Amino acid sequence: MTFKVLGSGSSGNCYLLEHNGDVLILDCGIPVKDIKIGLNFNISNVVGCAVTHSHADHNKSVDDLKKMGIRTVEFYQIEDWSDEKYKHFCVGFGGFVVKPFPLPHNGITNYGFLITDRERKEKALYLTDFEYCKYNFKSLGVNHIFIECNYQQDLVARDLPNYEHKIRGHCSLATCKGFIQANVTNNLKTVVLLHMGKETTIPEECVTAIKEVVNPNVYVDYAYKGLNVELKTEECPF
């Protein structure tokens, strides 16, 4: 697998996950022309786009992708099902299987994704724009975690115009670190920090904090436009 960042942050979020020639778009909150550029104008291998929620910095190009014939699933339009139903619900996109799970985002319907390849040799988690996650994935031996780290508490002023939305709708470094610590196994190989607040995070400090709770061989980085990570893993029996 490879993970490519086309945009990350309040100005627009869009990522490409590639495996065996299939490309899955995760969120499409940037202009469609920039998505085409990120794809090198080759849409023949795009198997679909999975969208987490209805905010423009994540769904800006939904209609444009649909007009291009790209299968686009707006998961936030799914009914608010029970946990029992979520256990049995997933969507196939070419060589990928996406299982959504609800994440609180200040009252907005929002989903994270557990993404596997069809052979279930690799597992990735994608979580963005959330206050906390009540689910634990440790038993699955997840290989890659792409997770929001929007703010460091000591950098957020209470007189910030969007203070309540940031606190209730986004993931702090402390929450991000706690989630990773609760889900880390020897299978974990990659962590990429997403949607970092421009004035509410110091990326290098966040990366250092996450490295404290993962094994030394885990690749940890933050998402910036153009980041392209080769996702290495070992075949596991799940």
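**Entry 1. Helix H6**

I began with helix H6 and found Leu-173, Cys-176, Phe-179, Ile-180 and Asn-183 buried, where buried means under 20% relative accessible area, exposed over 50% and partly exposed in between (1.4 Å probe, protein chains only). These residues lie on the same side of H6, because they cover an arc of only 130° around the axis; the arc is that of the directions from the helix axis to the C-beta atoms. An α-helix has 3.6 residues a turn, so residues three or four places apart point the same way.

I note that this is a predicted model, in which local features need pLDDT of at least 70 and side-chain atom pairs count only at pLDDT 80 or more, while totals for chains, interfaces and linings use all residues. Residues are numbered from 1 along each chain as its sequence is written, and side-chain values use heavy atoms, with hydrogens and water left out.

I then looked up what the buried residues of H6 pack against, and found E9, E10, E11 and H7. Contact here means heavy atoms within 4.5 Å. Helices (H or I, at least four residues) and strands (E, at least two) are DSSP runs, numbered from the N terminus.

**Entry 2. The seven-stranded sheet**

I traced an open sheet of seven strands in the order E6-E7-E8-E9-E10-E11-E12, with mixed pairing; two strands pair if DSSP finds at least two bridges between them. Its edge strands are E6 (91-93) and E12 (219-222), each of which pairs on one side only. Neighbouring strands are turned by 20° against each other on average, direction ignored. Axes are lines fitted to C-alpha atoms, for helices over the stretch in contact, and angles run from 0 to 180 degrees between N-to-C directions.

Val-192 stands opposite Asp-221 in E12. Helix H6 (residues 173-183) packs on the sheet and touches E9 (123-127), E10 (144-148) and E11, its direction making about 160° with that of E10. Helix H7 (residues 203-211) also packs on the sheet, touching E11 and E12, and its direction makes about 155° with that of E12.

Val-91 stands opposite Val-98 in E7. The hairpin of E6 and E7 has two residues between the strands, and Gly-94 takes a positive phi near 55° in it. Strand E7 (residues 96-102) is mostly covered, with five of its seven residues buried. E7 pairs with strand E8 (residues 111-117) in the antiparallel sense over seven bridges, and Lys-99 stands opposite Leu-114 in E8.

**Entry 3. The six-stranded sheet**

I traced another open sheet, of six strands in the order E5-E4-E3-E2-E1-E13, again with mixed pairing. E5 (72-74) and E13 (228-230) stand at the edges with a single partner strand each, so one side of each is left without a neighbour in the sheet. The twist averages 15° from one strand to the next. Strand E4 (residues 46-51) and E5 pair in the parallel sense over three bridges, with Val-51 opposite Glu-74 in E5.

**Entry 4. Cysteines**

I searched the whole structure for disulfides (cysteine sulfur atoms within 2.5 Å) and found zero. Cys-171 is in no disulfide, the nearest cysteine sulfur, that of Cys-176, being 5.1 Å away. Cys-171 is buried, with a relative accessible area of 0%, whereas Cys-90 is partly exposed at 42%.
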